[in-house]
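Dear colleague,

Please find the structure below.

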Amino acid sequence: MKKTLSLLLLMILIFGVVGVQNTVEATTVPAVFKQKFPREQVDQIKNVDLDNDRKNETIILSKQGNLFIIKNKNVQWMARQIISEEDFPPPQILTFKPSKNEVHVVAMYYYGPSNTQAYVYRLSKGKAKNVLNIMGDQAVKISGSNIIQKWKKYRDGGGWDMVVTTYSWNTKQLKYVSKGIKP
């Protein structure tokens with residue numbers, strides 16, 4: 001038991017000193033971003049090809065809650081206040097493929113009592129465009145090529161039922177369409 005406890009404490013100490021997921025080395029942050037936004041502290045960074053031009057764009061989430069995209073030497077602000085409340089998981093930026101030729105960026109953050117807010121962006125003609133903005137008072141998840149929103153539908157007599165809405169990308173309309181009951 002003492003060995004297990006000692007090992008656990010040693011691991012906590014190592015991860016506390018070295019740092020985990022939310023640290024970003026200064027060398028990975030593009031110089032154009034540092035020059036344009038010197039006060040922004042980088043929390044998360046992702047490099048991904050969003051527009052199928054075989055060149056990665058850089059997505060940055062700052063500790064101040066601002067979301068940026070860098071394409072070539074252009075820095076574009078996408079969203080602000082991507083900040084989770086205390087005692088909730090930290091915000092995150094994800095990328096996923098809703099269809100064969102599309103890659104989208106999802107910024108998610110969490111707040112009480114159990115809400116998840118998600119902003120979804122797509123890159124078109126070099127500009128980031130918000131294509132979906134949803135809140136799930138139970139959860140928002142990515143499942144394969146779909147975005148799942150779980151929320152409470154309140155009954156007239158009291159109580160509530162869990163309802164699921166599924167959003168899928170329509171390549172002809174260039175927007176998300178929903179299946180299920182919308183909030």
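The notes start with the basis of the model, then take the sheet and the cores in turn.

This is a predicted model, in which local features need pLDDT of at least 70, side-chain atom pairs count only at pLDDT 80 or more, and totals for chains, interfaces and linings use all residues. Residues are numbered from 1 along each chain as its sequence is written, and side-chain values use heavy atoms, with hydrogens and water left out.

Four strands form an open sheet in the order β1-β2-β3-β4, with antiparallel pairing. Strands here are DSSP runs of E with at least two residues, numbered from the N terminus, and two of them pair if DSSP finds at least two bridges between them. β1 (42-48) and β4 are the edge strands, each pairing on one side only. Between β2 and β3 there are four bridges, in the antiparallel sense. Ile60 stands opposite Phe68 in β3.

The largest nonpolar core has 18 residues; Leu50, Ile59, Leu67, Ile69, Met78, Ile82 and Tyr121 touch the most other members. Such a core is a set of buried Ala, Val, Leu, Ile, Met, Phe, Trp, Tyr and Cys residues joined through side-chain atoms within 4.5 Å, where buried means under 20% relative accessible area (1.4 Å probe, protein chains only). Two or more residues each come from β2 (57-62), β3 (67-71), β4 (74-79), β6 (102-111) and β7 (115-124). β6 gives the most, with four residues. A second, separate core of 14 residues includes Phe96, Val106, Tyr110 and Tyr176.

Regards

Definitions and conventions:
Buried means under 20% relative accessible area, exposed over 50%, partly exposed in between (1.4 Å probe, protein chains only).
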